[in-house]
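I open this notebook with a structure that is new to me. My entries record what I looked up, in order.

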Amino acid sequence: MVSHEKLLKDLNNTTLPDSLKRWFCCYLHGRQSRVNFRNTTSSARNVKTGVPQGAVTSPILFNFYLHNLPTPPAGVKVVQYADDISVYASGTALDTLCQSINIYIDKLVDFLAERDLIVSPEKSTVTFFTPDTKEANINPRIIIKGEPVRLDKTPKLLGVTFDTMYTFSKHIKESIKKAKTKLNIIKSLAGTTWGQDQETLIITYKSVCRSALEYAAPIWAPAISDTNWSKLQSIQNQALRVATGCLAMSGIDHLHQETKVLPLRIHSNMITKQLMASFFLPAHPGYKHLRQDKAARNLKKTILENEEEVAELYSRGITCKEVIKTLHTSTVQSSINNYAPNRVLQAPPPDINPEEKELDRTSRTRLARLRSGFCRTLQSYMSRIDDQEVDSCPNCEESPHDTQH
(Lines give C-alpha, C1' and ligand atoms only; values in the text may rest on other atoms or scores of the structure.)
Protein backbone atom coordinates (compact mmCIF):
# COMPACT_ATOMS: atom_id res chain seq x y z
CA MET A 1 0.00 0.00 0.00
CA VAL A 2 3.01 2.32 -0.24
CA SER A 3 2.02 5.36 -2.28
CA HIS A 4 4.51 5.84 -5.13
CA GLU A 5 3.69 9.53 -5.27
CA LYS A 6 4.40 10.19 -1.59
CA LEU A 7 7.46 7.93 -1.54
CA LEU A 8 9.04 9.65 -4.54
CA LYS A 9 8.21 13.06 -3.08
CA ASP A 10 10.01 12.12 0.16
CA LEU A 11 12.98 10.77 -1.82
CA ASN A 12 13.13 13.98 -3.81
CA ASN A 13 13.54 15.97 -0.57
CA THR A 14 16.61 13.97 0.47
CA THR A 15 20.26 14.53 -0.37
CA LEU A 16 20.42 11.46 -2.61
CA PRO A 17 22.16 12.05 -5.97
CA ASP A 18 19.75 13.15 -8.70
CA SER A 19 20.68 10.11 -10.77
CA LEU A 20 19.39 7.80 -7.97
CA LYS A 21 16.20 9.82 -7.62
CA ARG A 22 15.54 9.48 -11.36
CA TRP A 23 16.35 5.77 -11.20
CA PHE A 24 13.81 5.15 -8.40
CA CYS A 25 11.23 7.19 -10.32
CA CYS A 26 11.67 4.97 -13.39
CA TYR A 27 11.82 1.89 -11.17
CA LEU A 28 8.43 2.51 -9.53
CA HIS A 29 6.48 4.26 -12.27
CA GLY A 30 4.87 2.31 -15.08
CA ARG A 31 4.89 -1.05 -13.30
CA GLN A 32 2.17 -3.42 -14.45
CA SER A 33 0.70 -6.67 -13.18
CA ARG A 34 -1.32 -9.49 -14.70
CA VAL A 35 -3.20 -12.47 -13.24
CA ASN A 36 -3.02 -15.95 -14.70
CA PHE A 37 -5.97 -18.22 -13.86
CA ARG A 38 -6.92 -21.48 -15.56
CA ASN A 39 -4.48 -20.90 -18.42
CA THR A 40 -5.96 -17.46 -19.08
CA THR A 41 -4.03 -14.23 -18.49
CA SER A 42 -5.83 -11.01 -17.66
CA SER A 43 -5.10 -7.66 -19.25
CA ALA A 44 -2.34 -5.55 -17.70
CA ARG A 45 -3.16 -3.12 -14.91
CA ASN A 46 -0.95 -0.25 -13.79
CA VAL A 47 0.43 -0.63 -10.27
CA LYS A 48 0.32 2.70 -8.43
CA THR A 49 1.04 1.47 -4.91
CA GLY A 50 3.37 -0.98 -3.21
CA VAL A 51 7.07 -1.78 -3.47
CA PRO A 52 8.02 -4.81 -5.62
CA GLN A 53 7.71 -8.11 -3.78
CA GLY A 54 11.09 -9.73 -3.08
CA ALA A 55 13.19 -6.85 -4.38
CA VAL A 56 16.37 -6.00 -2.45
CA THR A 57 15.43 -2.32 -2.23
CA SER A 58 11.85 -2.89 -1.03
CA PRO A 59 12.50 -3.20 2.75
CA ILE A 60 14.69 -0.10 2.65
CA LEU A 61 12.07 1.86 0.73
CA PHE A 62 9.32 0.80 3.14
CA ASN A 63 11.38 1.73 6.20
CA PHE A 64 12.11 5.09 4.62
CA TYR A 65 8.40 5.54 3.92
CA LEU A 66 7.73 5.24 7.68
CA HIS A 67 10.88 6.96 8.94
CA ASN A 68 8.85 9.87 10.39
CA LEU A 69 6.86 7.61 12.72
CA PRO A 70 5.68 9.76 15.67
CA THR A 71 8.01 9.73 18.65
CA PRO A 72 6.34 7.92 21.56
CA PRO A 73 5.94 9.67 24.93
CA ALA A 74 8.06 8.80 27.95
CA GLY A 75 7.42 5.26 29.15
CA VAL A 76 6.02 4.07 25.81
CA LYS A 77 8.20 2.20 23.32
CA VAL A 78 7.75 1.00 19.75
CA VAL A 79 9.14 -2.12 18.09
CA GLN A 80 8.76 -2.22 14.32
CA TYR A 81 9.58 -4.85 11.73
CA ALA A 82 8.36 -3.83 8.27
CA ASP A 83 4.59 -3.24 8.61
CA ASP A 84 4.38 -5.08 11.95
CA ILE A 85 4.27 -2.41 14.67
CA SER A 86 4.12 -3.20 18.38
CA VAL A 87 3.55 -0.51 21.01
CA TYR A 88 4.29 -1.41 24.62
CA ALA A 89 4.78 0.01 28.10
CA SER A 90 5.92 -1.51 31.38
CA GLY A 91 4.88 -0.71 34.91
CA THR A 92 2.43 -1.47 37.72
CA ALA A 93 -0.23 1.24 37.15
CA LEU A 94 -2.36 -0.37 34.42
CA ASP A 95 -4.75 2.55 33.85
CA THR A 96 -1.86 4.98 33.44
CA LEU A 97 -0.11 2.68 30.97
CA CYS A 98 -3.30 2.28 28.90
CA GLN A 99 -3.85 6.03 28.82
CA SER A 100 -0.30 6.68 27.59
CA ILE A 101 -0.58 4.02 24.90
CA ASN A 102 -4.00 5.25 23.72
CA ILE A 103 -2.74 8.82 23.36
CA TYR A 104 0.19 7.62 21.27
CA ILE A 105 -1.95 5.25 19.17
CA ASP A 106 -4.19 8.15 18.10
CA LYS A 107 -1.13 9.96 16.76
CA LEU A 108 0.18 6.77 15.16
CA VAL A 109 -3.12 6.00 13.39
CA ASP A 110 -3.31 9.59 12.06
CA PHE A 111 0.24 9.36 10.72
CA LEU A 112 -0.40 6.02 9.01
CA ALA A 113 -3.64 7.33 7.51
CA GLU A 114 -1.72 10.26 6.01
CA ARG A 115 0.64 7.66 4.54
CA ASP A 116 -2.37 5.82 3.02
CA LEU A 117 -1.76 2.86 5.33
CA ILE A 118 -4.86 1.47 7.06
CA VAL A 119 -4.85 0.13 10.62
CA SER A 120 -7.47 -2.53 11.23
CA PRO A 121 -8.78 -2.69 14.83
CA GLU A 122 -10.11 -6.21 14.14
CA LYS A 123 -6.64 -7.49 13.28
CA SER A 124 -4.95 -5.71 16.19
CA THR A 125 -4.54 -7.32 19.60
CA VAL A 126 -3.47 -6.40 23.11
CA THR A 127 -1.59 -8.63 25.56
CA PHE A 128 -1.12 -8.09 29.28
CA PHE A 129 2.08 -9.66 30.64
CA THR A 130 1.99 -10.38 34.37
CA PRO A 131 3.57 -12.83 36.85
CA ASP A 132 0.31 -12.94 38.87
CA THR A 133 -2.14 -15.69 37.87
CA LYS A 134 -5.00 -13.61 39.31
CA GLU A 135 -4.33 -10.93 36.68
CA ALA A 136 -4.05 -13.34 33.73
CA ASN A 137 -7.57 -12.54 32.43
CA ILE A 138 -7.32 -8.74 32.65
CA ASN A 139 -8.07 -7.05 29.32
CA PRO A 140 -6.33 -3.66 29.11
CA ARG A 141 -8.61 -1.10 27.48
CA ILE A 142 -6.79 -0.08 24.32
CA ILE A 143 -8.83 1.84 21.73
CA ILE A 144 -8.20 2.10 17.97
CA LYS A 145 -10.60 4.24 15.92
CA GLY A 146 -13.14 4.12 18.74
CA GLU A 147 -13.12 0.31 18.92
CA PRO A 148 -11.63 -1.70 21.82
CA VAL A 149 -8.81 -4.02 20.85
CA ARG A 150 -9.39 -7.70 21.61
CA LEU A 151 -7.28 -9.55 24.17
CA ASP A 152 -4.82 -12.14 22.87
CA LYS A 153 -3.10 -14.16 25.59
CA THR A 154 -0.73 -15.85 23.14
CA PRO A 155 0.33 -13.33 20.48
CA LYS A 156 2.70 -14.46 17.75
CA LEU A 157 5.41 -12.00 16.76
CA LEU A 158 7.84 -12.91 13.97
CA GLY A 159 7.35 -16.62 14.57
CA VAL A 160 7.66 -16.50 18.37
CA THR A 161 4.53 -17.22 20.42
CA PHE A 162 4.46 -15.21 23.65
CA ASP A 163 2.05 -15.75 26.54
CA THR A 164 0.65 -13.77 29.44
CA MET A 165 2.78 -15.50 32.08
CA TYR A 166 5.91 -15.31 29.88
CA THR A 167 6.54 -19.05 30.07
CA PHE A 168 6.73 -19.69 26.29
CA SER A 169 5.00 -23.02 26.87
CA LYS A 170 2.82 -22.67 23.78
CA HIS A 171 5.84 -21.69 21.67
CA ILE A 172 7.70 -24.80 22.85
CA LYS A 173 4.66 -26.95 22.08
CA GLU A 174 4.41 -25.57 18.54
CA SER A 175 8.17 -25.92 17.98
CA ILE A 176 8.05 -29.58 19.04
CA LYS A 177 5.11 -30.18 16.71
CA LYS A 178 7.07 -28.75 13.78
CA ALA A 179 10.22 -30.66 14.73
CA LYS A 180 8.38 -33.98 14.93
CA THR A 181 7.25 -33.71 11.31
CA LYS A 182 10.83 -32.95 10.29
CA LEU A 183 12.10 -35.83 12.43
CA ASN A 184 10.11 -38.16 10.18
CA ILE A 185 12.35 -37.05 7.30
CA ILE A 186 15.40 -38.29 9.20
CA LYS A 187 13.66 -41.56 10.09
CA SER A 188 12.84 -42.16 6.43
CA LEU A 189 16.51 -41.76 5.50
CA ALA A 190 17.87 -44.57 7.64
CA GLY A 191 17.15 -47.86 9.35
CA THR A 192 19.31 -50.15 11.44
CA THR A 193 20.84 -51.92 8.45
CA TRP A 194 20.29 -49.49 5.59
CA GLY A 195 20.21 -45.78 4.76
CA GLN A 196 22.44 -42.75 4.84
CA ASP A 197 25.63 -42.58 6.86
CA GLN A 198 25.67 -41.07 10.33
CA GLU A 199 27.34 -37.81 9.27
CA THR A 200 24.67 -37.11 6.63
CA LEU A 201 21.90 -37.81 9.11
CA ILE A 202 23.42 -35.47 11.70
CA ILE A 203 23.77 -32.66 9.14
CA THR A 204 20.15 -33.23 8.12
CA TYR A 205 19.02 -33.09 11.76
CA LYS A 206 20.88 -29.84 12.41
CA SER A 207 19.54 -28.14 9.29
CA VAL A 208 15.87 -29.16 9.29
CA CYS A 209 15.06 -30.28 12.84
CA ARG A 210 17.29 -28.50 15.35
CA SER A 211 16.78 -25.23 13.50
CA ALA A 212 13.04 -25.59 14.20
CA LEU A 213 13.63 -26.43 17.87
CA GLU A 214 16.02 -23.52 18.43
CA TYR A 215 14.27 -20.86 16.37
CA ALA A 216 14.65 -17.50 18.19
CA ALA A 217 16.28 -19.28 21.16
CA PRO A 218 17.85 -16.07 22.58
CA ILE A 219 14.30 -14.81 23.24
CA TRP A 220 12.91 -17.78 25.18
CA ALA A 221 15.94 -19.85 26.27
CA PRO A 222 16.71 -17.80 29.42
CA ALA A 223 13.10 -18.02 30.63
CA ILE A 224 11.64 -21.49 29.97
CA SER A 225 11.28 -24.19 32.62
CA ASP A 226 13.26 -27.40 33.07
CA THR A 227 10.17 -29.34 31.99
CA ASN A 228 10.08 -27.58 28.63
CA TRP A 229 13.82 -28.18 28.18
CA SER A 230 13.23 -31.89 28.73
CA LYS A 231 10.51 -31.92 26.07
CA LEU A 232 12.82 -30.25 23.55
CA GLN A 233 15.74 -32.53 24.42
CA SER A 234 13.61 -35.64 23.89
CA ILE A 235 13.25 -34.73 20.21
CA GLN A 236 17.01 -34.42 19.84
CA ASN A 237 17.49 -37.75 21.63
CA GLN A 238 15.22 -39.45 19.11
CA ALA A 239 17.12 -37.92 16.20
CA LEU A 240 20.51 -38.99 17.58
CA ARG A 241 19.26 -42.54 18.16
CA VAL A 242 18.11 -42.69 14.55
CA ALA A 243 21.46 -41.34 13.32
CA THR A 244 23.57 -43.76 15.35
CA GLY A 245 21.17 -46.71 15.38
CA CYS A 246 21.51 -46.96 19.17
CA LEU A 247 18.81 -48.53 21.30
CA ALA A 248 16.46 -46.74 23.68
CA MET A 249 18.49 -47.85 26.74
CA SER A 250 21.59 -46.05 25.48
CA GLY A 251 22.72 -43.20 27.71
CA ILE A 252 22.00 -39.65 26.57
CA ASP A 253 25.60 -38.59 27.12
CA HIS A 254 26.75 -41.50 24.95
CA LEU A 255 24.57 -40.24 22.09
CA HIS A 256 26.08 -36.75 22.34
CA GLN A 257 29.62 -38.09 22.51
CA GLU A 258 29.03 -40.46 19.61
CA THR A 259 27.65 -37.71 17.34
CA LYS A 260 29.59 -34.73 18.74
CA VAL A 261 26.34 -32.80 19.13
CA LEU A 262 25.88 -30.56 22.18
CA PRO A 263 22.82 -31.05 24.42
CA LEU A 264 20.07 -28.74 23.23
CA ARG A 265 19.95 -26.58 26.36
CA ILE A 266 23.69 -26.03 26.36
CA HIS A 267 23.75 -25.23 22.64
CA SER A 268 20.81 -22.80 22.94
CA ASN A 269 22.45 -20.98 25.84
CA MET A 270 25.69 -20.80 23.85
CA ILE A 271 24.09 -19.14 20.81
CA THR A 272 22.26 -16.79 23.19
CA LYS A 273 25.60 -15.65 24.64
CA GLN A 274 27.08 -15.35 21.16
CA LEU A 275 24.24 -13.03 20.16
CA MET A 276 24.86 -11.09 23.36
CA ALA A 277 28.45 -10.63 22.21
CA SER A 278 27.27 -8.84 19.06
CA PHE A 279 25.24 -6.43 21.24
CA PHE A 280 28.54 -4.80 22.24
CA LEU A 281 29.07 -3.55 18.70
CA PRO A 282 27.92 0.13 18.63
CA ALA A 283 26.11 -0.36 15.30
CA HIS A 284 24.06 -3.32 16.60
CA PRO A 285 20.38 -2.65 17.48
CA GLY A 286 20.90 -4.39 20.82
CA TYR A 287 23.63 -1.94 21.89
CA LYS A 288 21.07 0.43 23.44
CA HIS A 289 19.95 -2.27 25.88
CA LEU A 290 23.37 -2.61 27.53
CA ARG A 291 24.36 -1.13 30.89
CA GLN A 292 20.79 -0.63 32.08
CA ASP A 293 19.99 -0.27 35.76
CA LYS A 294 18.52 -3.38 37.31
CA ALA A 295 14.77 -3.26 37.89
CA ALA A 296 13.49 -2.93 41.45
CA ARG A 297 11.26 -5.98 40.91
CA ASN A 298 12.33 -9.52 40.14
CA LEU A 299 11.72 -9.99 36.42
CA LYS A 300 11.91 -12.96 34.09
CA LYS A 301 15.37 -13.76 32.84
CA THR A 302 16.33 -12.46 29.40
CA ILE A 303 19.38 -12.49 27.15
CA LEU A 304 20.75 -9.57 29.21
CA GLU A 305 21.48 -12.04 32.04
CA ASN A 306 24.65 -12.87 30.10
CA GLU A 307 25.91 -9.29 29.88
CA GLU A 308 28.47 -9.52 32.69
CA GLU A 309 29.95 -12.80 31.42
CA VAL A 310 30.36 -11.44 27.90
CA ALA A 311 31.65 -8.09 29.16
CA GLU A 312 34.39 -9.94 31.10
CA LEU A 313 35.57 -11.52 27.83
CA TYR A 314 35.67 -8.14 26.12
CA SER A 315 37.74 -6.79 29.04
CA ARG A 316 40.58 -9.01 27.78
CA GLY A 317 40.88 -6.73 24.75
CA ILE A 318 39.68 -9.25 22.16
CA THR A 319 37.38 -8.68 19.19
CA CYS A 320 33.74 -9.72 18.81
CA LYS A 321 34.74 -12.59 16.53
CA GLU A 322 37.23 -13.83 19.13
CA VAL A 323 34.62 -13.55 21.91
CA ILE A 324 32.18 -15.68 19.90
CA LYS A 325 34.91 -18.25 19.25
CA THR A 326 35.90 -18.29 22.93
CA LEU A 327 32.29 -18.86 24.01
CA HIS A 328 32.04 -21.81 21.61
CA THR A 329 35.34 -23.35 22.74
CA SER A 330 34.60 -23.02 26.46
CA THR A 331 31.06 -24.40 26.05
CA VAL A 332 32.23 -27.47 24.11
CA GLN A 333 35.07 -28.16 26.54
CA SER A 334 32.79 -27.78 29.56
CA SER A 335 30.28 -30.21 28.04
CA ILE A 336 32.95 -32.79 27.31
CA ASN A 337 34.24 -32.56 30.90
CA ASN A 338 30.75 -32.97 32.36
CA TYR A 339 29.66 -35.99 30.31
CA ALA A 340 29.17 -39.15 32.35
CA PRO A 341 31.89 -41.82 31.92
CA ASN A 342 31.33 -44.34 29.17
CA ARG A 343 29.32 -47.30 30.51
CA VAL A 344 31.77 -49.86 29.10
CA LEU A 345 35.09 -48.18 29.91
CA GLN A 346 33.98 -46.37 33.09
CA ALA A 347 36.07 -43.50 31.76
CA PRO A 348 35.83 -40.79 29.06
CA PRO A 349 35.83 -42.54 25.66
CA PRO A 350 38.63 -41.96 23.14
CA ASP A 351 37.95 -40.49 19.71
CA ILE A 352 36.39 -42.89 17.21
CA ASN A 353 38.76 -44.09 14.52
CA PRO A 354 38.15 -42.05 11.33
CA GLU A 355 38.35 -45.26 9.27
CA GLU A 356 34.99 -46.28 10.74
CA LYS A 357 33.33 -43.90 8.27
CA GLU A 358 34.22 -46.35 5.49
CA LEU A 359 32.16 -49.16 7.06
CA ASP A 360 28.61 -50.02 6.06
CA ARG A 361 25.55 -48.91 8.02
CA THR A 362 25.07 -52.29 9.73
CA SER A 363 28.63 -52.42 11.08
CA ARG A 364 28.61 -48.82 12.28
CA THR A 365 25.29 -49.30 14.03
CA ARG A 366 26.58 -52.41 15.81
CA LEU A 367 29.78 -50.65 16.91
CA ALA A 368 27.81 -47.67 18.26
CA ARG A 369 25.58 -50.04 20.22
CA LEU A 370 28.53 -51.99 21.61
CA ARG A 371 30.15 -48.75 22.77
CA SER A 372 26.89 -47.82 24.52
CA GLY A 373 26.83 -51.18 26.34
CA PHE A 374 23.44 -52.17 24.93
CA CYS A 375 23.43 -54.32 21.81
CA ARG A 376 21.21 -57.12 20.49
CA THR A 377 24.30 -59.30 19.98
CA LEU A 378 24.93 -59.23 23.75
CA GLN A 379 23.13 -61.69 26.00
CA SER A 380 23.44 -59.16 28.85
CA TYR A 381 21.05 -56.94 26.89
CA MET A 382 18.81 -59.69 25.55
CA SER A 383 18.28 -61.16 29.03
CA ARG A 384 17.01 -57.77 30.22
CA ILE A 385 14.23 -57.70 27.64
CA ASP A 386 13.46 -61.44 27.58
CA ASP A 387 13.37 -63.55 30.75
CA GLN A 388 14.00 -66.73 28.77
CA GLU A 389 17.42 -65.51 27.60
CA VAL A 390 20.42 -66.39 29.76
CA ASP A 391 23.15 -63.79 30.36
CA SER A 392 26.07 -65.99 29.36
CA CYS A 393 28.48 -66.15 26.44
CA PRO A 394 27.24 -68.54 23.70
CA ASN A 395 30.84 -69.72 23.13
CA CYS A 396 32.39 -70.11 26.58
CA GLU A 397 29.26 -69.82 28.74
CA GLU A 398 30.91 -67.22 31.00
CA SER A 399 28.74 -64.44 32.48
CA PRO A 400 28.10 -61.61 32.01
CA HIS A 401 28.12 -61.51 28.21
CA ASP A 402 28.77 -57.76 27.82
CA THR A 403 30.86 -55.54 25.55
CA GLN A 404 34.01 -56.01 27.60
CA HIS A 405 33.67 -59.79 27.37
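**Basis.** I note that this is a predicted model, in which local features need pLDDT of at least 70, side-chain atom pairs count only at pLDDT 80 or more, and totals for chains, interfaces and linings use all residues. Residues are numbered from 1 along each chain as its sequence is written, and side-chain values use heavy atoms, with hydrogens and water left out.

**Confidence.** I looked up pLDDT, the predictor's confidence in each residue, from 0 to 100. The protein averages 93, and 100% of the residues score at least 70. Confidence is lowest in strand β1 (residues 32-33), at a mean of 89, and highest in helix α10 (residues 264-279), at 97. Helices (H or I, at least four residues) and strands (E, at least two) are DSSP runs, numbered from the N terminus.

**Helix α1.** In α1 (residues 4-12), I found His4, Leu7, Leu8, Asp10 and Leu11 buried. Seen down the axis of α1, these buried residues fall within an arc of 160°, so they line one face of the helix. The arc is that of the directions from the helix axis to the C-beta atoms. Buried means under 20% relative accessible area, exposed over 50%, partly exposed in between (1.4 Å probe, protein chains only). The face turned away from the buried side carries the exposed residues Glu5 and Lys9. The buried residues of α1 pack against α2 (18-28) and α3 (58-65), where contact means heavy atoms within 4.5 Å.

**Arg361.** I located Arg361 in helix α13 (residues 361-372). Arg361 is buried, with a relative accessible area of 12%.
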